[in-house]
Amino acid sequence: MSSYSADDPVSNKPAASQAYDVVIIGSGPAGYTAGIYTSRAKLRTRIVSGTLPGGQLMTTSEVENYPGFPNGIFGPELMMNMRQQAERFGTCIVDDEVIRVDFNKRPFEITSHSETCEAHSVIICTGASPRKLGIPSEEQFAGRGVSYCATCDGPFFKGEDIVVVGGGDTALEEATFLTKFGKSVRLVHRRASLRASKILQQKAFENPKIEFLWNRVISTIEGDRKVGAVTVKDVENGLEQRLPAGGIFVAIGHEPNTAIYKGQIDLDNKGYIILKNHTATNIEGVFAAGDVHDFRYRQAITAGGFGCMAALDVEKWLTERKHRR
Ligand code: NAP
């Protein structure tokens, strides 16, 4: 049980004994890494895991680029290991979804479906979700040919016909990257011009392995146990064309999971959390880590790194305010 200073300079009132030193919202690599660090630093730590405990890696297959696993590791196994590592140092993990936060109160109030808990500090690690095409067959083949991350899954598609969907920087970077593995790479874009930066466009146009299918959308994905073909539809004349495809990379953007923080935490125009001094939000004592603020790197290892940074910043912030046990 924590014992906090009665002249708590943060809340300006006797601190509630039940308040956690830190509540971490979200349980991807950022959340679990933050939990490992804060609980190991003897901070009373609670992780509220969210609807998909373990985050995006729970829906991927093998992870080959996470250091320390020379033969690769399955995403769910990696996340279970991280969870157990956080629990080993005393992190309390609750599999629930946070539905409301009150950062105007001190201690902060975090409400999930089953409870409201109090926290002297918070690390937001709720990540981002890849935008989906929204066609029925997409979900059926997720992890069986349909991927949302070329860096993660590209090497599994050696010698395959690959389709990339999207016209932004990510789609072009991924299409270029995937030419290292695929027999062919077709980029399907819903318009006749790209949103991506000119330099990435030029690189992709100069790559003889990339074929551009303009004004097209994917209407159906087919296959047996894994993806075997796609049907693309011309948005102008409605004509459909069936193409062989062993892999489909959907690169149409991400949506940061920040809806519940709107009005309290500063967000950019796409909804990503704006940070200052590496991990601090506009609210003192509220920090953020991982894809919820980082739209550029979006890797398990970078999210974990940000989680570590946020945990160290929380520890320092609490120490400075005599909040330590
Ligand atoms: P984005 O810039 O939002 O582009 C998304 C693309 O997907 C757009 O071309 C969009 O088409 C298309 N799209 C959206 N919804 C669609 C749907 N339902 N069906 C079909 N197509 C759809 O996303 P992003 O490429 O992931 O980039 C996100 C941010 O990260 C950007 O700010 C980007 O500059 C940055 N980024 C930078 C780098 C780099 O600097 N190297 C690399 C990656 C990402 P429309 O164009 O028709 O809207």
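**Cysteines, domains and a ligand**

Modeller: Let's open with Cys125: its sulfur sits 12 Å from the closest cysteine sulfur, in Cys308, too far for a bond. A disulfide here is a pair of cysteine sulfur atoms within 2.5 Å. Keep in mind that this is a predicted model, where local features need pLDDT of at least 70, side-chain atom pairs count only at pLDDT 80 or more, and totals for chains, interfaces and linings use all residues. Residues are numbered from 1 along each chain as its sequence is written, and side-chain values use heavy atoms, with hydrogens and water left out.

Biologist: Is Cys125 buried or exposed?

Modeller: Buried means under 20% relative accessible area, exposed over 50%, and partly exposed in between (1.4 Å probe, protein chains only). Cys125 has 6%, so it is buried. Cys92 is partly exposed at 30%, and its sulfur is 8.7 Å from the closest cysteine sulfur, in Cys117, again too far for a bond.

Biologist: Which cysteines do form a disulfide?

Modeller: In general, a disulfide is a covalent bond between the sulfur atoms of two cysteines. This structure holds one: Cys149 and Cys152, with sulfur atoms 2.1 Å apart. The torsion about their S-S bond is about 75°, so the disulfide is right-handed. Cys149 is buried at 15%, while Cys152, at 22%, is partly exposed.

Biologist: How is the chain divided into domains?

Modeller: Domain bounds come from an automatic or database domain assignment. Here we get domain 1 (22–129 + 254–324) and domain 2 (136–250). Their centres, taken over C-alpha atoms, are separated by 32 Å. Five residues from domain 1 and seven from domain 2 make the contact, where contact means heavy atoms within 4.5 Å.

Biologist: Why does the ligand lie between domain 1 and domain 2?

Modeller: Because both domains give residues to the shell around the ligand. A residue is near a molecule if one of its heavy atoms lies within 4 Å of it. By that rule 16 residues surround the ligand, the closest being Asp169, Thr170, Glu173, Arg191 and Arg195. The shell splits into two nonpolar, six polar and eight charged residues; Asp, Glu, Lys and Arg count as charged, Ala, Val, Leu, Ile, Met, Phe, Trp, Tyr, Cys and Pro as nonpolar, and the others, Gly among them, as polar.

Biologist: Which polar side-chain atoms lie 2.6 Å from an oxygen atom of the ligand?

Modeller: One belongs to Asp169 and one to Arg195. A polar backbone atom of Gly167 is 3.0 Å from a ligand oxygen. The protein covers 78% of the 910 Å² of accessible area that the ligand has on its own, computed by the Shrake-Rupley method with a 1.4 Å probe.

Key: Polar contact = N/O pair within 3.5 Å; in protein donor to acceptor, adjacent residues only side chain to side chain.
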